[in-house]
Amino acid sequence: MIEINHLVKKYGDHIAVNDLSLNIESGKIYGFLGPNGAGKSTTMNIITGYLGATSGEVKINGFDVLAQPEEAKKCVGYLPELPPLYMDMTVLEYMNFVAELKQIPKDKRKSSVKEVMELTKIMDMKDRLIRNLSKGYRQRVGFAQAVIGYPEVIILDEPTVGLDPKQIIEIRELIKKLGEKHTVILSSHILSEISAVCDHIFIISKGKLVASDSTENLTLMMSGVQEIELLVKAEEEAAKEALRTISQVQKYHMTKGNEEGTVKILLSAEKGVDIREAVFFAFADAKLPILEMKAEGKSLEEIFLELTSQKAGAAQRKEQEVVA
Ligand code: ADP
Ligand code: MG
């Protein structure tokens, strides 16, 4: 559906998009996740033909965005970071204007406009000037102009930014609904925003792709228990003895518990290995009662930080090879 090959965008000496390659299949919801300045908007502006690339190639449905912009653009609806709204038009005037601009056949314009206005719930505001709309309604109008004509691909740049929680939920529902029939790409710097609606996540940092996986896989990767906190009724030596019998324990840190005759243990296991059972049996065999056990998997937040921090350089390069 969309193919991006070795995309580069430079602003003077500054590289905003740095050799980005990725593939987007039809009928899924994709997320561009990355901190501010990562290059998400720049990439979206290039995909939609708003901005030229320094080098590299973008193809939509086989059409090169540069060589065949008309054909390529026809497949795409775009909600940019700043929606292209005309403040002095009413909502209905604006939607009619957009329908014309998008060359929706004359006899279908009225019904198309009505349909998307109903979908995005802006009918009540049809006669209001856009300048007098709340942020939430403006965003919905921006949404409506991206969706009208039902292009195959709908690209949304930070669609929930600046909205209140209720509006965010509504927009999410709308995105999911669109995702049933269309390919949707949305960007956000907020993890929960992306994982709530997307099937597949591209993590972008400093213009590079640092991870590409299904939301399911990313979540799964993070769900394995890695750190366990224990409170055991035992003397230190006896507890150490019991820990020695658990082969999967990588390292641990032991301190005295608050209560007399207890120890607190923080232990970590290999990634993806759940050792709670082994821990339970090891201490049971040693007749040392576990008073508390808390397991913490890595959160999506932590993985994200790991991937977007410089330390993860090697892993990033590996991931990129796989994706490219
Ligand atoms: P994101 O959308 O992920 O926050 P952007 O694509 O907006 O990131 O920006 C990527 C980088 O390119 C940032 O460092 C930004 O400062 C820079 N940048 C964006 N637009 C311009 C521009 N018109 N001129 C110069 N630098 C720009
Ligand atoms: Mg942006």
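Q: Which residues are exposed on the other side of helix H9?
A: This is a predicted model. H9 spans residues 236–244, and its buried residues are Ala239, Ala242 and Leu243. On the other side of H9, the exposed residues are Glu237 and Arg244.

Q: Why do the buried residues of H9 line one face of the helix?
A: An α-helix has 3.6 residues a turn, so residues three or four places apart point the same way. In H9 the buried residues are Ala239, Ala242 and Leu243. Viewed down the axis of H9, these buried residues line one face because they fall within an arc of 100°.

Q: Within what arc do the buried residues of H10 fall?
A: Helix H10 covers residues 276–285, and its buried residues are Val279, Ala282 and Phe283. Seen along the axis of H10, they line one face of the helix, because their arc is within 90°.

Q: Which exposed residues does H10 carry on the face turned away from its buried side?
A: The buried side of H10 holds Val279, Ala282 and Phe283. The face turned away from that side carries the exposed residues Glu277 and Asp285.

Q: Which residue just after H10 takes a positive phi?
A: H10 comprises residues 276–285. Just after this helix, a positive phi of about 55° is taken by Lys287.

Q: Is His6 buried or partly exposed?
A: His6 lies in strand E1, residues 2–11. Although not a glycine, His6 has a positive phi of about 45°. Buried would require under 20% relative accessible area. His6 has 47% relative accessibility and therefore counts as partly exposed.

Q: What is the relative accessibility of Gln103?
A: Gln103 is located in the loop between helix H3 (91–101) and helix H4 (106–119). This residue is not a glycine, yet its phi is positive, at about 55°. Exposed means over 50%. Gln103 counts as exposed because its relative accessibility is 52%.

Q: What radius of gyration does the chain have?
A: The C-alpha atoms fill a box of roughly 85 × 45 × 30 Å along the principal axes. A compact globule of 324 residues would have a radius of gyration near 20 Å, whereas the chain has 26 Å.

Q: What percentage of the residues of the chain count as buried?
A: The chain has twelve helices and 14 strands. Of its 324 residues, the proportion that count as buried is 45%.

Notes:
Residues are numbered from 1 along each chain as its sequence is written. Chains are lettered from A and ligands numbered from 1 in the order in which they are written. This is a predicted model: local features need pLDDT of at least 70, side-chain atom pairs count only at pLDDT 80 or more; totals for chains, interfaces and linings use all residues. Side-chain values use heavy atoms; hydrogens and water are left out. Helices (H or I, at least four residues) and strands (E, at least two) are DSSP runs, numbered from the N terminus. The radius of gyration is taken over C-alpha atoms; the globule rule is 2.2 Å times the number of residues to the power 0.38. Buried means under 20% relative accessible area, exposed over 50%, partly exposed in between (1.4 Å probe, protein chains only). The arc is that of the directions from the helix axis to the C-beta atoms.
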